[in-house]
Amino acid sequence: MGKPKEKMKHSVPMPKQKPKVRIHNFNEVALGYTEEQAVAEAERCIQCPEPQCIRGCPVELDIPAFVKLIKERKFDEAIRKVKEKNSLPAICGRVCPQEEQCQKFCTLGKKWEPIAIGKLERFVADSELQKGMQLLPLSTPTGKKVAIIGAGPAGLTAAADLAKLGHEVVIFEALHAPGGVLMYGIPEFRLPKRIVEAEVAYISKLGAKMRTDALIGRSFTIDDLFKKGFNAVFIASGAGLPRFLRIPGENLGGIYSANEFLIRVNLMKAYQFPKFDTPIKVGKRVTVIGSGNTAMDAARAALRLGADEVWVVYRRSRKEMPAREEEIENAEEEGIKFKFLTTPVRFIGDEQDWIKGMECIAMKLGEPDESGRGRPTPIKGSEFIMDVDTVVIAIGRTPNPIIQRTTKGLETTKWGTVIINEQTGQTSLERVYAGGDIATGEATVISAMGAGKRAAKSIHEYLMKREKQDIHKNT
Amino acid sequence: MQKTERTRILGTANMYRVLVKKDLAPQIKLVKVYAPDIAEKAQPGQFVIIRKDEKGERIPLTLADWEKEKGTITLIFQEVGVSTRKLGTLEVGQTILNVVGPLGNPSDIKHHGTLAIACGGFAIAAAYPIAKAFKHSGNKVISILGARTENLLILENEMRDVSDELYISTDDGSKGYKGFVRDLLKALIEKGQSFDIVYAIGPPIMMKTVCEVTRPYGIKTIVSLNPIMVDGMGMCGACRVSVGGETKFACVDGPEFDGHMVDFDVLIKRLRIYFPEERKADELYQKLGKSRHGQA
C-alpha cells in the first residue's frame, strides 16, 4: 500500500519553461497539464462529503463536482460545470491565488499537498478553448438594459451573469481593448493575451456588447447612460492613478510607475518595439520598489527586456510579501534579487536628469500595525546608495477619480473609493452598483469577479422587482 | 482574416473615418474625423487619445474644433515622428482605429475682461477653441501668434475671426514682428495694455518664457501642458508634472495649470525621455517606409 499513499501526498507538478530559457522570451512560463497529468491529479481528490474547498471560492465553484468529472475523463462536462459559476476559467486557473482560497481549505491539504484546483481549472478551460467553445443555453430576453463600466474581471463577470439571465448588456471600456488589468497589467508570460481575448469573446457570444474607447465620465456620464435607456449601471472601473513615494527625484527619467511600465509592455507590446510603435527603456540595473504580484510582474518583465540585474526592494521581509508564493518562486528561479527591510529615500540623477542612483535606508520591523504586519521603521545612519539606471515603482494605486467627479450624488470614502453595500454592491444612487477595485481598493482578480457576481445578482433582483411593480401599476 | 473577425466580435473596430484632410503648412496637417459621441461632448481645452492602427502608439492630440451637428472633430498635428507621420498618410475615406475622448478638464470659460492668448507653432490649433469660447462669452481677446517662419503659421484667419486684436511674430521676421510671442506680449504690457488673464499654449519653452514675462506683473497665466501620455485617463502616471512642488497628472488634473506654479524644466526633460528611440524608429520608418508598416 506504500505506493498509492505516496501518490496522495504530492500534487502533480505542472511543467514549466526552464528559467534560463524563459528569461529570454515572453511566452507563458507554466505550460499546462496533459490529460494524463490532469486525471492523475483529479484522482487524488477524496470527494469529501462536506467539501471545504467551496468555502474558499469567491464565486462558489462546485469544485468536487468538476474534479470528479475530470477523473472520469468527462472534460466537456467538467468545463460546463465550471462555467455554471465562472465565466473566465482559463484566466482564473492561471492567476487566482488558489493557495489562499479553495486550496487552503482542501482536506487533503491538512496532511499533504492540497489538490491543485487552479491547475485543473486551467486544464479544462484550455481543452475547451482548443476544441472551440461550446455555448450555454441563453434565457429569454427580459427587455432590460444594463451598462457595465469597465471590461476587467468584475465587469466581465457581471456582464456574463446578466447576459445569461436575459438582460441586454453593454460593456463600456475606456481602453482600446477589453480585459482591464488582465490585458494591460498581467504580462504575457503569466497570462497570454490570446487567452484573455478568447474568454472575452465567450462573453460576447453570451450576448454582451463591447464598446471600447468609451471613458465613462468623459465620453458619456452615468446620467447619459440612463438617458440612453439603460435601467441599471455597474461601475467596475478598477484601480487608477499610481501611487508614488513622494521622495526627491521621483520625476527623473528612467523612473516608471508599474502601471506605465506594464501598460507599455503588455497592452502596447513595447517588447516588440520598433515593430510596434510604443517604446520602453530598460537599463542594465533595474530596481522595482514593492512586493506584490505587480512588482513581481514588473521585475520579471524587466529581465526579459534585457536587464543584467533586477532587484526588488521591499521595506518588510520576505514573509510579509503580498505576492503569491508561486510568483516569488518564479522570480527567484529567474534570478531576480531581493533586498528586504530596505526603502528608498531619494533618487539621484545624472547630468541628463536620468536616474543613476538610489539612496536607501535599512528598516526594522516593530510592533504589528493595523495590517497585522510589523511596522517598518528606518534605522538611523544606515543609508547607502544603490547604482540603478531604471526604477519601477509598484507600491499600489488609488482609485481613478473621473466617475466620482462627474456623477452627482455618488458617495465615496476619503480614499476615493465608491461606497457600496457589501452584500448588494449598491451605491448611494438607486440604479447604480459598483464592485471590484473601484469599491474595495486594490485586490485580486477573483475577488473582483466575486463582486461582479454579487452585483449581477442584486441588479437582476432589482430589475425583476421593478418589472413586477410596473406590471402592478399598469393593471 | 481571422484577426478581422475577432476584432469585429469584440467590437473594437470603431469607425473613425477621415472626412476631410488638408495640408496647412509643411508637415502640419488637418484631419476632420467622424466621431459623433466625442463631438457631442467636446469642450475647449480638451484632447483625445488616438491610436492609428494595431501597432500604433496612443498619442494625445488637442481638439482643434468640432461640429456637433455633423458629428465631426478636427485634429491638427505636426509630423515629428512615426505616429504622426503615419497619421499624415491617412486619406479621406480611411479610418483611425481608436479615438477616445474628450479627455482632460475643459478650460474654465467665463468672463474675465481682457485676456491674451499667446500661442505658437501647431499649438495655435489647441488655442483656437479656447479663444473662440472666451470671445463668445464676452471677453476682449487679444491673440498673439508665433511661428518659426511665415509658411509655418497656421489658422491666422480663424484666429482673427475670434480675436479683437491679433499680433503675429516669426522667429525670422518673414511675417509680422521678428522675434518671439513673449516679446510682443511684453511690449503690449509695457505700453499699458492690461490683461486680466493670459493663456499660453505652445511648445514648453515658449510657455515657460511667457510665464516669465507675466510673473513680475502678477498676471495670472494659464498653460496647457502636453507631456507624454499613454492611456490619457489617469492610469499610467507618465504625464506627471510638478506643479507648486506637487506631482500632478496632466490627464486628470490638467491639462491646464497655473503657469507660474509649473516646473517647466521637469516637463521639458520628461518630454525628451524617448528621443533616441523615437529617432531610431523614425529613421527606420523613413527608410522602410509604408511597405513595412502597411497603409490602413
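In chain A, helix H14 (residues 293–304) packs against helix H15 (residues 325–333) at an angle of about 25°, and their axes lie 10 Å apart. Because of that angle, H14(A) is roughly parallel to H15(A), a term for angles under 35 degrees, where over 145 counts as roughly antiparallel, 65 to 115 as roughly perpendicular and the rest as oblique. Axes here are lines fitted to C-alpha atoms, for helices over the stretch in contact, with angles running from 0 to 180 degrees between N-to-C directions. The crossing of H14(A) with H15(A) is left-handed, that is, the near helix is turned anticlockwise from the far one by less than a right angle. On the side of H14(A) the contact (heavy atoms within 4.5 Å) is made by Asn293(A), Met296(A) and Arg300(A), and on the side of H15(A) by Glu327(A), Ile328(A), Asn330(A) and Ala331(A). Sorted by class, this contact between H14(A) and H15(A) comprises three nonpolar, two polar and two charged residues.

The model is predicted, so local features need pLDDT of at least 70 and side-chain atom pairs count only at pLDDT 80 or more, whereas totals for chains, interfaces and linings use all residues. Residues are numbered from 1 along each chain as its sequence is written, chains are lettered from A and ligands numbered from 1 in the order in which they are written, and side-chain values use heavy atoms, with hydrogens and water left out. Helices (H or I, at least four residues) and strands (E, at least two) are DSSP runs, numbered from the N terminus.

Most residues other than glycine have a negative phi, and most peptide bonds are trans.

| Cis peptide bond | Omega |
|---|---|
| Gly101(B) to Pro102(B) | about -5° |
| Gly254(B) to Pro255(B) | near 10° |

Pro102(B) belongs to strand E7 (residues 98–103) of chain B, while Pro255(B) sits in the loop between helix H8 (250–253) and strand E16 (256–258) of chain B.

Arg73(A), though not a glycine, has a positive phi of about 60°, and is found in the loop between helix H4 (63–71) and helix H5 (75–83) of chain A. Gln27(B) likewise has a positive phi, near 70°, in the loop between strand E1 (16–25) and strand E2 (28–34) of chain B. Arg73(A) is partly exposed at 40% relative accessibility, and Gln27(B) is partly exposed at 46%.

Terms used
Nonpolar A, V, L, I, M, F, W, Y, C, P; charged D, E, K, R; others polar. Buried < 20%, exposed > 50% of the residue type's maximum accessible area, 1.4 Å probe, protein only.
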